[in-house]
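Subject: Structure handover

Hello,

Here is the structure you asked about. Please open it beside this email and follow along.

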Amino acid sequence: MKVGTPEVEINRIGDELTTWGLAPEKIIGQSKVVIGLVGETASLNPEQIQEVSPWIETVLRVEKPFKRVSLDYRNGQPSDVVVSTPNGEVVFGLNHPIVMVAGPCSVENEEMIVETAMRVKAAGAKFLRGGAYKPRTSPYAFQGHGESALELLATARDASGLGIVTEVMDTADLDKIVEYADIIQVGARNMQNFSLLKKVGAQPKPVLLKRGMSATIAEWLMAAEYILAGGNTNVILCERGIRTFDREYARNVLDLSVIPVLRSLTHLPIMIDPSHGTGKAEYVPSMAMAAIAGGADSLMIEVHPNPAKALSDGPQSLTPDAFDRLTTELAVIGKAVQRWETSVPVLV
Ligand code: PEP
Ligand code: MN
């Protein structure tokens, strides 16, 4: 729509297109409103739509298979994902400071989760991550403490004021997780669990969608499309490394090229997880710095008070001290790209 189109006119156009059997969606950007039309639009003539109102600036056909997640659908405007936390709203998006999400792979006990929360908060993190339900390759490996771990996350949330990110594996657990989490994580192994994607699309909490370890970018965006099609537009995409031919020295290959690629394809915010991306704590800092320099909106870093004793992903977890040092280094790059919140305490 043209800048300054009266709201009544936008609503009138929406009503008229509805009578054509379409389901218009109003997307309100900073300066413009876009009306999105998804469905049986192949036979529609763009000129016919243009004639509905002189306030219509242009009619664009989104040719890609992913519609709602595509940048075209928002006329090139990146979207913000706004998340409520006890300490206020945190915004993930291109025009906002980098958001740090940190915490252990799994929630193990109250002491470790509260301690980790306090330490990562002091270093500038806005969210505490921690798995209650863990997707493990072996059925004999630690599977997560389940519901009791959700209670511990709530305790850590109260103590720290941080928002909570935790993974859902099973649709049966979703309602319970929604009560505790501020962001619902869908893990790499479930990226194409379509019934789970439909369910997280139909609940109100923002969703962090990790890239499947063998997923193409198009498959990942189609997975995100499921969530948006379900009615939930608050999706953050998280690159966590893909599997290639070489697994000898790094757990995965962290595909940082997704940052510019996704930026050209989608309006959704981009998070990078260098912990799962490399599998080794010593490789995490350089990839975290590269992610910020490369334009990521957010980082997810695994932090554990005693990585040697961790019940999962110890080798890739930073100690709280190492996380302090990392955030000091990240601040230098974050400031250089003008994406660092100035009130974040810089520890020296
Ligand atoms: C995790 O975040 O701990 C996790 C299991 O990640 P991924 O799904 O990327 O393997
Ligand atoms: Mn992990």
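Predicted model: local features only at pLDDT ≥ 70, side-chain atom pairs only at ≥ 80, totals over all residues.

Now the overall layout.

The chain is divided into two parts: domain 1 covers 7–61, and domain 2 covers 81–336. Their centres, taken over C-alpha atoms, are 36 Å apart.

Next, the strands.

Strands of a sheet pair through backbone hydrogen bonds, either parallel or antiparallel.

Strand β7 is residues 163–167, and strand β8 is residues 183–186. They pair in the parallel sense over 3 bridges. Val-165 has Ile-183 in β8 as its bridge partner.

Ile-27 stands opposite Val-34 in β2.

Then the metal site.

Which residues coordinate the manganese ion (ligand 2)? They are Cys-105 through SG, His-276 through NE2, Glu-302 through OE and Asp-313 through OD. The distances run from 2.0 to 2.4 Å. Along the sequence, the donor residues are spaced C-x170-H-x25-E-x10-D. Cys-105 and His-276 are thus a link between distant parts of the chain, 171 residues apart. Cys-105 sits in the loop between β5 and α3. His-276 sits in helix α9 (residues 274–278).

Are Cys-105 and His-276 buried or exposed? Cys-105 has a relative accessible area of 3%, so it counts as buried. His-276 is buried too, at 8% relative accessibility. The cut-off for buried is under 20%.

Now the salt bridges.

The count comes to 19 salt bridges.

Start with Asp-324 and Arg-119. Their side chains meet in a salt bridge at 2.9 Å, N to O. The pair links distant parts of the chain, 205 residues apart. Asp-324 lies in helix α11 (residues 320–336), and Arg-119 lies in helix α3. Asp-324 is buried, because its relative accessibility is 16%. Arg-119 is partly exposed, at 28%.

Next come Glu-147 and Lys-176. Here the salt bridge is 3.7 Å, N to O. Glu-147 belongs to helix α4 (residues 147–160) and Lys-176 to helix α5 (residues 174–180). They are 29 residues apart. Glu-147 counts as partly exposed, with 40% relative accessibility. Lys-176 is partly exposed as well, at 23%.

Arg-263 is in helix α8 (residues 258–265). Asp-297 is in the loop between α10 (284–293) and β12 (298–302), 34 residues apart from Arg-263. How buried is Asp-297? Its relative accessible area is 0%, so Asp-297 is buried.

Glu-9, Arg-12 and Glu-16 are joined into one network by salt bridges that share partners.

Glu-179 is found in helix α5. Is Glu-179 buried or exposed? Its relative accessible area is 64%, so Glu-179 is exposed. The cut-off for exposed is over 50%. Glu-179 and Leu-128 are 51 residues apart along the chain. Their C-alpha atoms are separated by 16 Å.

Best wishes

Notes
Residues numbered from 1 in each chain as written. Chains lettered and ligands numbered in written order. Heavy atoms only, no water. Domains from an automatic or database assignment. Pairing = 2+ DSSP bridges. Helix = DSSP H or I, 4+ residues; strand = E, 2+ residues; numbered from the N terminus. Donors = N, O, S within 2.8 Å, 3.2 Å for Na, K, Ca; no water. Buried < 20%, exposed > 50% of the residue type's maximum accessible area, 1.4 Å probe, protein only. Salt bridge = Lys/Arg side-chain N within 4 Å of Asp/Glu carboxyl O.
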